Amino acid sequence: MKEFLGMEDIQRVSELVMERISSRPTVGMILGSGLGSLADQVQDAVFVDYADLPNWPESTIEGHSGRLVIGVLEGQSVMIMQGRAHYYEGYHISQIGLPVKVMQVMGIETLLVTNAAGGVNPGFNPGDLMLINDHINLIGMGGLSPLRGPNIDVLGPRFPDMMNAYDSDLRKIALEVADELKISLQQGVYASLAGPNFETPADLRFLHCIGADAVGMSTAPEVIVARHGGIKVLGMSGISNKANLDGNTPTTHEEVLEAGQVIAPKLINIVKGILKRIDD
Ligand code: HPA
């Protein structure tokens with residue numbers, strides 16, 4: 001596996017996907033743990049297994065499947081990643097960025113990302129939804145950027161801006177949709193860590209101090225690639241557990257999956273409402 005994927009690698013994958021579909025999707029979606037059932041509602045669905053796409057990172061985690069679902073959802077032409085891979089699974093960071101680069105080459109203009117996250121904000125409870133207003137990319141600050149390596153100038157600039165990374169117009173739509181559906185939606189900053197271990201109580205107190213409201217092991221790399229390519233992003237976290245700031249309660253993958261069952265129906269309804277409102 002090469003460390004840096006080039007335009008030819010990205011084009012090869014996008015051609016393989018485009019061979020299988022008759023019209024181009026405009027909205028990309030990356031669904032985290034527990035949201036797979038949204039992909040089952042896609043009409044005229046075409047499925048492409050990640051295993052058939054060279055260099056595409058496959059998820060090895062329970063609760064994540066591994067395929068693209070391309071079709072129509074709430075009147076939008078969508079390409080859904082049903083399951084995502086994480087850096088801790090052993091991939092190069094450039095591979096984690098590949099799917100979004102492929103989306104860009106295919107002409108996708110909007111990306112909806114969801115994840116499961118621990119609630120660092122003491123006001124958050126398991127089962128809450130959080131609209132991501134911004135992120136703190138701790139793994140990126142340590143040097144792990146999906147944009148590391150030769151810049152692909154046709155995709156975006158060497159030094160992409162990260163203002164409005166989570167698009168303010170899309171956030172406004174999300175808040176309106178949540179209000180209409182009477183689903184309460186928290187807002188906050190998502191901190192991206194590499195994982196796979198959960199945080200120590202000292203890690204969590206640090207995250208709280210630096211302004212994080214939620215913490216997880218994904219999302220920032222994909223969002224950075226999207227912004228590099230000019231794709232608008234909307235992100236939402238399902239708060240699956242309360243961060244253990246006091247050091248008394250262990251965090252388990254089981255509770256993350258369990259909370260996912262409470263979160264999924266709410267998140268699915270908001271996502272569907274947003275899709276209805278996104279302009280082509
Ligand atoms: N920490 C990091 N990632 C997570 C958590 C957490 O507490 N919960 C779900 N994903």
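**Entry 1: salt bridges**

How many salt bridges does the structure hold? I went through this predicted model and found eight salt bridges. I picked three of them to follow up.

I started with arginine 67 and aspartate 40, whose side chains meet in a salt bridge at 3.8 Å, N to O. Arginine 67 lies in strand E3 (residues 67-73), while aspartate 40 sits in the loop between helix H2 (36-39) and strand E2 (43-49), so the pair ties together parts that are 27 residues apart in sequence. Aspartate 40 is exposed, with a relative accessible area of 54%, and arginine 67 is partly exposed at 25%.

Next I turned to lysine 272 and glutamate 74. Their closest N and O atoms are 4.0 Å apart in a salt bridge. Lysine 272 belongs to helix H8 (residues 253-277) and glutamate 74 to the loop between E3 and strand E4 (76-82), so this pair ties together parts that are 198 residues apart in sequence. Is lysine 272 buried or exposed? I noted a relative accessible area of 18% for lysine 272, and the cut-off for buried is under 20%, so lysine 272 counts as buried. Glutamate 74 is partly exposed, at 28%.

**Entry 2: strand E5**

I moved on to strand E5 (110-119). Nine of its ten residues are buried, so E5 is largely enclosed by the rest of the structure.

Which way do its partner strands run? Strand E1 (residues 27-31) is parallel to E5 and joined to it by four bridges; here glycine 28 has leucine 111 as its bridge partner. E9 also runs parallel to E5, with ten bridges between them, and I noted glycine 118 partnered with asparagine 241 of E9. E8 pairs with E5 in the antiparallel sense over two bridges, where glycine 119 stands opposite alanine 214.

**Entry 3: around the ligand**

Which residues are around the ligand? I listed Ala116, Ala117, Gly118, Phe198, Glu199, Val215, Gly216, Met217, Ser240, Asn241 and Val256. Sorted by class, this shell has six nonpolar, four polar and one charged residues. E5, strand E8 (214-216) and strand E9 (232-242) each supply at least two residues of the shell, and E5 gives the most, with three.

I checked the polar atoms too. A polar side-chain atom of asparagine 241 lies 2.7 Å from a nitrogen atom of the ligand. For glycine 118, a backbone N or O atom lies 3.3 Å from a ligand nitrogen. Serine 240 has a side-chain N or O atom 3.5 Å from a nitrogen atom of the ligand. On its own the ligand has 260 Å² of accessible area, and the protein covers 94% of that.

One link back to the previous entry pleased me: glycine 118 and asparagine 241 are bridge partners, and both are on the list of residues around the ligand.

Definitions and conventions. Residues numbered from 1 in each chain as written. Predicted model: local features only at pLDDT ≥ 70, side-chain atom pairs only at ≥ 80, totals over all residues. Heavy atoms only, no water. Near = heavy atom within 4 Å. Polar contact = N/O pair within 3.5 Å; in protein donor to acceptor, adjacent residues only side chain to side chain. Areas by Shrake-Rupley, 256 points an atom, 1.4 Å probe, with all protein chains shown as cover. Nonpolar A, V, L, I, M, F, W, Y, C, P; charged D, E, K, R; others polar. Buried < 20%, exposed > 50% of the residue type's maximum accessible area, 1.4 Å probe, protein only. Pairing = 2+ DSSP bridges.
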